[in-house]
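Colleague: I am new to this model and would like a short tour. Could we look at the structure together?

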Amino acid sequence: VSTQSTGLFNCLKKIINQSKRKKTKKRKMSSTESLQVVDISNYLSNASSANEQIQSLTRMLRETSCVLIRDPRVSAEKNDIFLNMLEDYFNQVAELKEKDYRKEIGYQVGATPPNTEIPRDHSEQIKKLDESNSAHLPNGADIKERFFWRIGDLPERTAFAQLNAEAVVPTHFPQWKEVMDQWGNLLLNSISTIAEMLAIGLNLPADTFTKMMHLAPHLLAPTGSDLKNCGTIGAILAGYHYDLNFLTIHGRSRFPGLFIWLRNGTKVIVRVPPGCLLLQAGKQLEWLTGGEITAGFHEVVVVPETIEAIERCRNEGKRPLWRVSSTLFSHIASDEQLRPLGPFANEQTLKNYPPILAGAQVAEELSLINLGIS
């Protein structure tokens, strides 16, 4: 009996210890590194042999609102050249950057000051997220600054001149146009290729989206966040929001903190693998597909990984403590009509996504985030 009692005791002890370990085990945050990477090399060399990549990309955007791609045309070296220049730009005194503000056109070119853009109220959406995938509720305007640089040609005629304004070139940066155009065009070329692949995957003509993107106000849109002054855990650099444009593409940032939400509500920290780019669907793509693909939500928050990167940067003492994003917003041309296309057009989708000019949609969204055009 004594041996049986001892055996039973040890068995119960083992079960209790296993239970404790399960309760105390820290939940590992999901990362974009777990997402499938779509290599577009095949499509670039021989589009007819890239059906597998086309279907993977289309499925990822449908199911998650985002996709990681590998594009051989985009190099880490060019990303670094861009980041170095933008860190130096944002690190200037405020008086120099003020010269680049264009408030009268909703800051749609040039610099946007900090504490200006106010995220839309998505509190009801946030309440639907479970605790493990929760978002930070924005408590005012974003801390971040931004610079908008137009990529591509301007239309000769448009009903939305304010959204298609001439570029602002900062003083003291003689290499500005070359560096911005180089990085911006690389990102836009990637998006154009993805737009073709996606159209094919959705059983639309390959040029469906790229034709609508011609002469659109595509914007290289790096954000700058001063980590010397806002590098504390929980600081919201960019509040929970979706992007109003067609497709957003991100290169690598030197400081972690960008989180995205997959379509199923899973929160994912963004870690862009070397040689890769992250794309996320915007509202215009949602409009054109009648909700078949939905705009993805995201936020930028200071987390322990950000602090670790700050300490590394401080110890190296070589670069300014600014978090710069390598971001481009691709758009549908302002005078093009947004409406559910072809197979996505039915009574319900046309009700949810009524026809509207892209420029009007953008202007309406901008007015809701404190970037309205005067």
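Colleague: Which residues touch the most other members in the largest nonpolar core?

Modeller: A word on the basis comes before that. This is a predicted model, in which local features need pLDDT of at least 70 and side-chain atom pairs count only at pLDDT 80 or more, while totals for chains, interfaces and linings use all residues. Residues are numbered from 1 along each chain as its sequence is written, and side-chain values use heavy atoms, with hydrogens and water left out. In the largest nonpolar core, which has 88 residues, F147, W176, M180, F209, L220 and F246 touch the most other members. Such a core is a set of buried Ala, Val, Leu, Ile, Met, Phe, Trp, Tyr and Cys residues joined through side-chain atoms within 4.5 Å; buried means under 20% relative accessible area with a 1.4 Å probe, protein chains only.

Colleague: Which helix gives the most to this core?

Modeller: That is α7 (residues 176–201), with 13 residues. Helices here are DSSP runs of H or I with at least four residues, and strands are E runs of at least two, numbered from the N terminus.

Colleague: How far does α7 reach from its first C-alpha to its last?

Modeller: The 26 residues of α7 reach 37 Å, close to the 38 Å expected at 1.5 Å a residue; the expected span is 1.5 Å times one less than the number of residues. Just after α7, N203 takes a positive phi of about 65 degrees.

Colleague: At what angle do α3 and α7 pack?

Modeller: Helix α3 (residues 51–64) meets α7 at about 90 degrees, and their axes are 8 Å apart. The two helices are therefore roughly perpendicular, a label for angles of 65 to 115 degrees.

Colleague: Changing topic, which way do the residues of β9 point?

Modeller: In strand β9 (residues 258–261), L258 and I260 point one way and F259 and W261 the other, and all are buried.

Colleague: Which strand is joined to β9 by four bridges?

Modeller: That is β12 (residues 297–301), which runs antiparallel to β9. Strands count as paired if DSSP finds at least two bridges between them. W261 has F297 of β12 as its bridge partner. β9 also pairs with β10 (residues 267–269) in the antiparallel sense, over three bridges, and there I260 is partnered by V268.

Colleague: Where is the positive phi in the hairpin of β9 and β10?

Modeller: It is at G265, near 95 degrees, and the hairpin has five residues between the strands.

Conventions:
Buried < 20%, exposed > 50% of the residue type's maximum accessible area, 1.4 Å probe, protein only. Axes fitted to C-alpha atoms, helices over the stretch in contact; angles between N-to-C directions. Parallel < 35°, antiparallel > 145°, perpendicular 65-115°, else oblique.
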